[in-house]
Amino acid sequence: LNSLYEVYKDAVLSDIAKLGKNERAFKEVVEKVIDFYGSRVSENTIAKETSIGSHNTVSSYLSLAEDLFVLRAFYKVEDKGVNYRSFKKLYFTDPFIYRVMKRYTKGEGRIEEGEIPKIVEGVVGEHLAREINSIGYTFFRGGKEVDFVIGDIGVEVKWGRGDVRDLRLNKGYVLSLDDFRLEGDKAVVPVSVFLYLISSEKVFY
């Protein structure tokens with residue numbers, strides 16, 4: 001398994017070298033993605049916490065990681081559409097890639113118990129993004145956030161126990177570990193069931 005990590009990491013770094021990009025800058029950006037995983041973050045924040053300094057350079061490396069299918073970014077959805085200038089949420093496109101990049105930047109690829117909810121959140125986001133063209137997240141004053149938004153439907157990932165009150169929109173889904181119930185236009189659904197329903201196009205259609 002360790003050799004598999006190295007093969008994937010070396011393939012990514014080889015692409016970065018071919019494109020004439022700086023590996024050190026890429027590594028610093030990726031490490032901050034892990035530090036802020038699943039949280040709202042800006043290029044300015046990452047720039048200030050690394051030696052890079054420029055938010056434009058950070059933006060270019062985030063875009064590069066997306067082009068290499070390492071990362072996926074989700075932008076804030078507002079009444080007037082998507083706000084690309086607001087904070088974004090960043091996830092690796094697969095839990096395996098998360099472990100590869102954690103091992104690459106932190107020297108240890110083991111997943112801690114506290115990391116699992118955010119990794120599951122990223123899995124849900126990636127599945128949604130692959131099936132639906134327009135998806136983002138939103139948050140309100142007071143720190144209330146909805147993990148993913150598709151039109152007027154929200155998806156909140158709780159992983160443990162779920163309650164419909166966890167969703168800050170009028171309709172949508174709260175994803176739990178194994179709870180299952182329906183209240184009005186909101187449903188608490190196990191993550192595993194929800195992911196199956198996405199793939200079978202039975203959730204939003």
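**View 1. Trp 159 counts as partly exposed, at 27% relative accessibility.** In this scale, buried means under 20% relative accessible area, exposed over 50%, and partly exposed in between, with a 1.4 Å probe and protein chains only. Trp 159 belongs to the loop between β5 (153-157) and β6 (172-176); strands here are DSSP runs of E with at least two residues and helices runs of H or I with at least four, numbered from the N terminus. Although Trp 159 is not a glycine, its phi is positive, about 70°. Please keep in mind that this is a predicted model, in which local features need pLDDT of at least 70 and side-chain atom pairs count only at pLDDT 80 or more, while totals for chains, interfaces and linings use all residues. Residues are numbered from 1 along each chain as its sequence is written, and side-chain values use heavy atoms, with hydrogens and water left out.

**View 2. Phe 69 sits in the loop between α4 and β1 (71-78).** This residue is not a glycine, yet it has a positive phi of about 60°. With a relative accessibility of 63%, Phe 69 is exposed.

View 3. Across the whole structure, a search finds twelve aromatic pairs (ring centres of Phe, Tyr or the six-membered ring of Trp within 6.5 Å; planes under 30 degrees apart are stacked, over 60 edge-to-face, the rest tilted). Tyr 37 is buried at 8% relative accessibility, and Tyr 91 is buried at 1%.

**View 4. Two lysines sit over aromatic rings.** The charged end of Lys 89 is over the ring of Phe 148, 5.7 Å from its centre (NZ of Lys or CZ of Arg within 6 Å of the ring centre and within 35 degrees of the ring normal). Likewise, the charged end of Lys 21 lies over the ring of Tyr 61, 5.8 Å from its centre.

**View 5. Strands β3 and β4 form a hairpin.** β3 (residues 136-139) runs antiparallel to β4 (residues 145-150), and the two pair over three bridges (pairing takes at least two DSSP bridges). Gly 136 stands opposite Val 149 of β4. Five residues separate the strands, and in the turn Gly 142 has a positive phi of about 95°.

**View 6. Helix α2 crosses α4.** Their axes come within 10 Å and cross at roughly 80° (lines fitted to C-alpha atoms, for helices over the stretch in contact, with angles from 0 to 180 degrees between N-to-C directions). α4 covers residues 55-67. On the α2 side, Ala 25, Phe 26, Val 29 and Val 33 meet Val 58, Tyr 61, Leu 62 and Ala 65 of α4 (contact means heavy atoms within 4.5 Å).
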